[in-house]
Amino acid sequence: MSVLSQLNVIQVSGLTQRVNTLEGSLTILSDINFSVKSGESVAIVGASGSGKSTLLSLLAGLDVASQGEVHLDGDALSTLDEEARAQLRAEKIGFVFQSFMLVQSLTALENVMLPAELAGDHDAKAQAVELLDKVGLSHRLGHYPSQLSGGEQQRVAIARAFIGSPKILFADEPSANLDSKNGHLIETLLFDLNKQNGTTLVLVTHDEQLAKKCQRIIHIEGGQLEKISEGGAANVG
Amino acid sequence: MWVKLAFKLFSREFRRGELTIIFAAIALAVLTVFSLSAITERISLNIAHKSSDFIASDRRLSSNHAFEPQLLKQASQFGLATAQMLYFDSMLFANDELVLGSVKATTAAYPLRGKITIKDNLTSKAYEVETGPKAGSVWLSEGLFYTLKVNVGDKVELGAGKFNVTKVLVKEPDAPFFSLSGNKRVLLNYADIETTQAVQPGSRVFHRLLFAGNEQELSDYYAWLKPQLKSNQNWQGLKDRQSPLGNNLDRAERFLLLAGLFGIMLAAVAMAVSAKRYCERQYDPVAMMKTLGGSRKVIRNIFLLHLSLVTTFSIVAGLALGFVLQTIGADYLATFMGTELPQAGVRPWLLSAFIGLVCALMFSLKPLLDLFDIPPLRVLRRNLGDTLAISRIHIGLSMLTIFVLMWLFSGEIVTTLILFASTLVVIAVLFALSRLLFAAGRKLGLSPGSSWSLALATLQKRANANAIQLISFALAIKLMLFLVVLKNDIISDWQMQVPADAPNMFIINIAKEEVTPIKKFFKDNNIAHEDFYPVFSGRVDAVNGEEFARRVSKQEGEEKDENAREGVSREPNLTWLTSLPEGNEITEGEWFSDGGTGDDIEVSVFDGWQETLGLKIGDIITLLVNEQPIDAKVTSFRKVDWGSLKPNFVMILSPNMAGKVPVTYFSAAKLHDRDTKGISQLLQRYPTISMIDIKAQIEQAQSIIAQVSLAIGFVLSIVLVSGALVLVSQVQASLAERMQEVVILRTLGAKGRLIKLATLYEFMLLGGIAGLVAAIVSDVALLVIQQQLFDIAGRLHPYIWLLGPVSGALFVSSIGYFMVANTMRQNTQGLLRKLG
């Protein structure tokens, strides 16, 4: 492995994803190649159905590619089984989803603690309280998701994403379900925390404005990598 | 670490009500099985105790020959209480009057069950005692006092002995319902048999050993006894077919068993559905945990711990609630019946806990395995994993579990198979029907936006889910209808056996010339009575010219001089009749073809004798009547209902017997207390006639029937409550699935009335269809079950074809309506939040 590839926390080569349908095999992603450096922020943009969410699922090891390879912090995902990929996610990855995906029966604090607890971390509480404080929810620790607004739920999800200090953060349309005010708030929070923690951010969005806040933008069109452009934050990182 | 997380998740899920349905389902299974089996056991024990009165013991051994002393000795070693009895006929003499009496000599322990009713003199009040007369004294039945012209305190000669008459014998617990010698009964102390010198080698005597103890001791003893039983020795229990209430007890037990089975089925349906639903609701959290790095092992451990906890809690809760319910029920029954119910053993506890455990494990297994397989990708593709929802393995596993549980609980493969097969028919019919109906629904062309259109559209859209819904509604309705109808049939069948106006007194030994004046007496005193039957005694001497004793011995594979069983060797009561008596049924052959007026004498024989004697249609039986041989051709065999409390005849001859033998007449009447004086006068005027009071027997039978009916009603209500709970939980589950649609419709501005009415119509259709199919299938299954298991003439019940759909539609739609109306009271924002 070269020095360059060691700097690349995500290395994608020849990534292809096909699914079987009633009408035969359908190619969703075709021969995608790119890399993401450690600490870099990258947006994956494209129209609905372009394959950007599929790409995210392959990058995060939630699904297995039909062809090609994803190296995540040096580990080739195709060589790992489901359990090993889960272990990898537990150690190195954080997530923020469009639909928040909080566990309804756990409080805000407990939701934030969940990844750490699953990884066997005994001192998760202090870190979770601190993260919730950072997202401005220190007064909502004991609230359940149904007692929080959409913006608040996503702030909990962001706090959860940063617990355990992941190397990479995947965010899938994090502000799409929110009004513009709350959306901006979330975006700011996400970028601020990302910067503070030195995390690599991979953001899936169809929002050009949001994408521009990243250093690089990967454009996906019809399952193919159309181009990689510089984002508005290119000179920042 | 996962343990802490698992407990935290469990307590939250429990508090949020996510586990309530699964908890309720297991608890319901345990509660139903516990309360049903405990109540059934307690009632069965009580009935068994009460019914043991009918044979004055729990089991008895009868023979024409004396028993080896070893039999009694061994019984004591097995912990059984024993008593000895000897029946023989002997002449009684007093005041120059001579009469043949039926003597029963008993040891001091007699009766082991029940009590003897006696009077201090003819006019005093009857009371109960626990043992027979002391040595040197006898108790005589009322008729003998008149015939022998004696009073209490006088002496009578019995055989070679002289005895003090100390009491009037009113009733022994094991007195036969009907016997020609019924009114000339003598109770004697066993020690006095020798004094009478009436029992000599070759005398016609019947020996009986009585046994009482718990079931285990009895069956242990029987296991020891069985290999050495001689064919002239007959082991009888109260449940033997020919014992008067044997049939009814058998039916009652079968009903209680069925009710228990249905309880298990209902709880199993609730469990299978709720386990699946609970697991489906965990798909998102599991996908989330996997995405956040939770390993399969940790997730498996978390949910297995949840299952273990919820199973433990629900079994404990089910047992506790079941115990409370059965205690309240048993107390109520005991108060009503004026008796104390014996405590149940450990069986209900073990059985219900075991069934709860099996239900939890088997019905959750597949949904849980599916849950562990949920791909983490579901966090991005929300419907991923939904296809796992309907699994053939889950259905197959659930059905197998239900079958095995039913079989285990009942120990009867036939009953289990009938119920299970009919249930499968319900499922198949409903599945096909739901497909057809829901596919046709849209073609009706209702205007969009109407409640009916919305209801039909929802039904069609959710065809698969609705089919499952329909099946569980129909199963619950089917089981409930089935039990209600069966209960009514059984009870009305019993009531028919002992109708309120049933005769309570048999009048026998009526001479031909006495028939007219006695009829007139009845008429003058407004006493309802039955026809006067000609009755005579005869002994079966030969069949097709072959001597009877030899023939019976051959059947029994015994030596020639070993006599036959008691039932066959006894001189049976005979009559002639023009038509088949009520309650009898021809099983083979035909009733007297030309009205029995031809040259040949024909005979219709009780089918029990057909087997014992190896008789067939066309055989010639030679009867010895007053030493005069009479040949009769067997033209039919009859089933006789010995539990009917009516005079039953082993042999009925054709009417052309009239004039060939001397007869006395027999009748039965319904007497009231006001008739007592008139009856005494009648007995004094015609001292040769005898009256047998069967009031006590009727009352005893009625009390047992009332007790069993009450028990059945109680058990039925438990099953009905379970059924209703299953329906409620089903509607609730279905509504939870519909919430999203309700919220969308509400958000889009649909009026509450439209949504409520659409739900009402949808559930009305579901309930109606489920009820109709349930009614039809129940009726067919009932037809089979009644004939196969309950010995009741199977018939269809058209009223349930209406009752099923109407009650189904009303019940299901009203629950649905109520729940939706409740939801509608919350504001739309609140509903949206709840959906998450």
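Among contacts in chain A between residues at least 6 apart in sequence, 67% join residues at least 24 apart, a contact being a pair of residues whose C-beta atoms, placed from the backbone, lie within 7 Å. The model is predicted: local features need pLDDT of at least 70, side-chain atom pairs count only at pLDDT 80 or more, and totals for chains, interfaces and linings use all residues. Residues are numbered from 1 along each chain as its sequence is written, while chains are lettered from A and ligands numbered from 1 in the order in which they are written.

The secondary structure of chain A consists of 8 helices and 10 strands; helices (H or I, at least four residues) and strands (E, at least two) are DSSP runs, numbered from the N terminus. Of the 237 residues in chain A, 49% are buried. A residue is called buried if 20 or more other C-beta atoms lie within 10 Å of its own, exposed if 12 or fewer, and partly exposed in between, with C-beta atoms placed from the backbone.

Chain A contains an open sheet of 4 strands in the order 2-1-4-5, with antiparallel pairing; two strands pair if DSSP finds at least two bridges between them. Strand 2 (24–37) and strand 5 (75–76) of chain A stand at the edges with a single partner strand each, so one side of each has no neighbour in the sheet. Strand 1 (residues 8–21) of chain A is joined to strand 2 of chain A by 10 bridges, and the two run antiparallel. Within strand 2 of chain A, A:Phe34 stands opposite A:Val12.

The two chains meet through 29 residues of chain A and 26 residues of chain B. On the side of chain A that touches chain B, helix 2 (52–59), helix 3 (82–92) and helix 4 (108–118) of chain A each supply at least two residues. Helix 3 of chain A gives the most, with 6 residues. This side of chain A divides into 14 nonpolar, 8 polar and 7 charged residues, where Ala, Val, Leu, Ile, Met, Phe, Trp, Tyr, Cys and Pro count as nonpolar, Asp, Glu, Lys and Arg as charged, and the others, Gly among them, as polar.

In chain B, helix 1 (residues 2–16) has 15 residues and reaches 20 Å from its first C-alpha to its last, close to the 21 Å expected at 1.5 Å a residue; the expected span is 1.5 Å times one less than the number of residues. B:Leu5, B:Ala6, B:Leu9, B:Phe10 and B:Glu13 are buried in this helix. Viewed down the axis of helix 1 of chain B, the buried residues fall within an arc of 135°, so they line one face of the helix; the arc is that of the directions from the helix axis to the C-beta atoms. The face turned away from the buried side of helix 1 of chain B carries the exposed residues B:Val3, B:Lys4 and B:Arg15.

Strand 9 (residues 185–189) of chain B is largely enclosed by the rest of the structure, because 5 of its 5 residues are buried. In a regular strand the side chains alternate between the two faces of the sheet. In strand 9 of chain B, B:Arg185, B:Leu187 and B:Asn189 point one way and B:Val186 and B:Leu188 the other way, and all are buried. Strand 3 (residues 97–106) of chain B runs parallel to strand 9 of chain B and is joined to it by 5 bridges, with B:Val103 opposite B:Val186. Strand 6 (residues 137–141) of chain B runs antiparallel to strand 9 of chain B, with 3 bridges between them; B:Val138 has B:Leu188 as its bridge partner.
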